[in-house]
Amino acid sequence: MKKIVNLNLKDVLEDVHSSKEGISDEEAQKRLQRDGRNELAAEKPPGIAKIFVEQFKDLLVIVLLVASAISIVVGEAQSAIVILVVVTMNSILGTIQTIRAQKSLDSLKQLSTPFTRVVRSGVVKEIKSTDLVVGDVFLVEAGDVISADGRVIDAFSLQVNESSLTGEVESVEKHNEQIDDEDCPIGDQKNMVFASGLVTYGRGKVVVTSTGMNTEIGRIAQLMNATKEKRTPLQRNLDDFSKKLSFAIIGICIIVFGLTMLRGEALLDAFLFAVALAVAAIPEALASIVTIVLSISTQKMVKEHAIMKNINAVETLGCVSIICSDKTGTLTQNKMSVENIYMNKTLTHVDDIDTENKDFRLLTIAATLCNDATIHEEQRIGDPTELAFVDLAHKFGMNEMDLREKYYRIKELPFDSVRKLMTTMNNVHDKTLLYVKGAPDELLKICTKYYFQGNEIALDDTIRKEIAKQNEGFAKKGQRVLAFAYREFDKKDLTLDDEEELVFLGLASMIDPPRVESEEAVANCFTAGIKPIMITGDHRITAEAIAKRIGIFHTGDISIEGRELESMSDEELHEKIEKISVYARVAPEHKIRIVEAWQSRGHNVAMTGDGVNDAPALKQADIGIAMGITGTEVSKDAASMILTDDNFSTIVKAVVTGRNVYANIKNAIAYLLSGNFSGILTVLYCTILALPLPFLPVHLLFINLVTDSLPAIAIGMEKANKYLLYEKPRKQGSSILDKTTLKQIGYEGFLIATATIIAFYLGLETSTTMATTFAFSVLCLSRLFHGFNCRSDKPIWKIGLSSNKYSIYAFLVGYILLNSILYFTIFHGVFAVAPVSIQDILTINGLAFIPTIIIQLTKTIMNKPKK
């Protein structure tokens, strides 16, 4: 069956049951009810209740809930309430942040084309774009955004920019002729227009052939919806950590329960202590700390122009090793800009042009008058190529509207793809001049003279070859080239036959220039151990030229096109992928394959983009990064992160933030586990040696709420340092608890346990209650001091005690609460502590501080510069 693109216009209209006069309002209403609105199917966001329940899907949280249920059954409601309060607070925090992120996204969404001019029963009227149906005939002109896919009925110099769909910045000239190629790609379907296309020049009439999810955008949206979201590396790491820790704690608790029973303790008492030990050993504050750290990081990133849709994705940025970046609008400015001018036999870069030079001004005036583009404040209307010359005019201090009013246009011959020329007849100083622009090879054929320093000289073969050679040089650099010419004219009518005997003015080369910050951002990527890759729908030569300019493409690298990628087997791609830095002329399916190929090699992949064609790959990537200003809604919905300033360099800042988040969470986990390990060691020591139990359940709960939570949260607030950018990305699957961290936890936990056991023995000389008071106080205080140790792998004097004010606040709050329990008799009964003297307080403080002194000395030695 033939596609719409392959049918003649009469058959197309019959196929959609319409005519050039359109359909009636009644018929449109029937089709609207049958086919639905012209909009993409949006995935319904989860409700508050579902988001809240999702927060409980963590093994450690489940173990805590089981412990809470057991505590209620055996009459220990106090312990159960504390556990439930901690777990619920974490879930509320996670829910609030998720809802906030969704609201931030909703505020970004803007309706681009709410109305479309349609022909209904021969009458032109405006309707909502969502009410368009198959068979509707609609009108378009420069500045309009296409609202549905359709076949062109009439085209009057109609040009459409389809960069959001194809990735190509150059506009496509449309016509209404039948195309015979049945495998014609979207970029070459010149008798069709597609939803999201921007009309840059001319006007036209179109009959709708597809709406909503049946459009090319809809096809990509379906492809995107079929791609499952991935759990972040941190989520996978914490899942694995939770499982291992839960089984280890359950094992230890069973051993302690058995040993306690062997000592002759009552079954209920032994069981309650085992449950209390499990609660003490599980870092229930961990989930809250991770949520708080990620939440604070996302709020900080908003100020740095990045919105995170999923707070867990913040950390993912820290382990990204590949960034697959779209070229147009992401690495480049998504607008054409004049790069060089060849005039007077001389090549001049646009930045070196003397704006007072009359020759350059002459060429600029010609390029502005033979031009229909306009720029008014922030609004840019017209073809990107023509807009480039309006920008050039502004550089010369000229205004396009003033020039066109002064040297008004009398007639014109619009550009067409056959002759590749455009001509305007203008009144200039009471003389009639023709200004012509077009493809250099075509324009040279009709030139007989060339302009040289104010003179018109005969154009011989030598000069023609020089011009052709320069044109070829531009083409090799991937630059688009236009030639300009003029002639005096004495006729009233203008025909195609008058495009002759012209005076050649010069050549102008154009590029879609890189963003100012792209080169530095790319360099920072390599510094951070990240490989940036360019993926674009543009031509290979153009893409490779830009990639070399900003530092993505190096000696030994290769570039390939989408067709070459299609012909490659997975094995071939796997073999060559490390060397491929540029992919040109790619389709959405290619982008997904590239992302998956890197992921199969164990890399965490980020994909940046702003077009509809980027959406599926954005979702497939470990983290998708969309542009907030120029990005389509489809790409924003698919992404994990949205750049509100469309600035590529913001990604590098986000990477540093992500790495800092991971480092802080890892340090917080080391703090929690080393403290919990010290408590377990103390309990095991006393249990094995048949000593009285060193802690009561209420002591363990206080430690959980105060010495676990506050310092750990403060550790999570540690600021990023410049050295994070120089670290290499973490490998996929690497454990959050590596050998170095486990050794650190064991060593530091042993030091704190030793101090606690010594305190227990000192107190035992007075009474069992004094022993538990000493053990509880030293364990609690030493862990408060330990909060400073875990801020960094460097000694505290190197990072600065006051560089994290929150750690000081956390210590002071914990210290005041602990001393209140020891000083005020009203708390003695509740916390089962004995009255203490000033001498006892000094002993407790001294013992608690000793582990920190040893740990700081160890860090100083370990960080000593190597000779």
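A: **The second largest cavity and other local features**

Tyr342, Met343, Asn344, Lys345, Tyr450, Tyr451, Phe452, Ile463, Glu466, Ile467, Phe504 and Leu505 line the second largest cavity. The model is predicted, so local features require pLDDT of at least 70 and side-chain atom pairs pLDDT 80 or more, while totals for chains, interfaces and linings use all residues. Residues are numbered from 1 along each chain as its sequence is written, and side-chain values use heavy atoms, with hydrogens and water left out.

A cavity is a set of points on a 1 Å grid over the protein atoms alone where a 1.4 Å probe fits but cannot get out, and lining residues have an atom within 4 Å of a point. Points are joined across faces, edges and corners, and the volume is the space filled by probe spheres set on them. By this rule there are five cavities of 30 Å³ or more, and the second largest cavity holds about 80 Å³.

Four elements each supply at least two residues of this lining: β10 (337-343), β17 (447-452), α17 (461-476) and β20 (502-511). These are DSSP runs numbered from the N terminus, helices being H or I of at least four residues and strands E of at least two. By class, the lining has nine nonpolar residues, one polar residue and two charged residues. Here Ala, Val, Leu, Ile, Met, Phe, Trp, Tyr, Cys and Pro count as nonpolar, Asp, Glu, Lys and Arg as charged, and the others, Gly among them, as polar.

Lysine 345, one of the lining residues, lies in the loop between β10 and β11 (346-349). Its phi is near 60°, a positive value in a residue other than glycine. The relative accessible area of lysine 345 is 42%, which makes it partly exposed; buried means under 20%, exposed over 50%, and partly exposed in between, with a 1.4 Å probe and protein chains only. Serine 196 also has a positive phi, of about 90°, although it is not a glycine, and it is found in the loop between β6 (192-193) and β7 (198-210).

Among the buried residues of α14 are Pro384, Glu386, Leu387, Phe389 and Val390. At the start of α14, a side-chain oxygen of aspartate 383 comes within 2.9 Å of the backbone nitrogen of threonine 385. Just after α14, glycine 397 has a positive phi of about 80°.

The search of the whole structure finds 27 salt bridges, each a side-chain nitrogen of Lys or Arg within 4 Å of a carboxyl oxygen of Asp or Glu. One of them joins arginine 120 and aspartate 136 at 2.7 Å, N to O. Because arginine 120 lies in strand β1 (residues 115-120) and aspartate 136 in the loop between β2 (123-128) and β3 (137-141), the pair ties together parts that are 16 residues apart in sequence. Arginine 120 is buried at 8% relative accessibility, and aspartate 136 is buried at 0%.

Arginine 34 and aspartate 35 form another salt bridge, at 2.9 Å, N to O. Here arginine 34 is exposed at 58%, whereas aspartate 35 is partly exposed at 38%. In a further salt bridge, the side chains of glutamate 216 and arginine 219 meet at 3.1 Å, N to O. The two residues are three apart in helix α7 (residues 216-225), and are therefore separated by about one helical turn. Arginine 219 is partly exposed, at 32% relative accessibility. Elsewhere, salt bridges that share partners join Asp25, Arg120, Lys125 and Asp136 into one network.

Histidine 429 lies in the loop between β15 (421-428) and β16 (431-438) and is exposed, with a relative accessible area of 56%. Histidine 429 and tyrosine 407 are 22 residues apart in sequence and 7.5 Å apart in space, C-alpha to C-alpha. Their side chains are joined by a polar contact of 3.4 Å. A polar contact is a pair of N or O atoms within 3.5 Å; within protein, one must be able to donate a hydrogen and the other to accept it, and residues adjacent in sequence count only if both atoms are side-chain atoms.

Note on methods: On a 1 Å grid over the protein atoms alone, a cavity is a set of points where a 1.4 Å probe fits but cannot get out, and a pocket is an open set with protein on both sides within 12 Å along at least five of seven lines; lining residues have an atom within 4 Å of a point.
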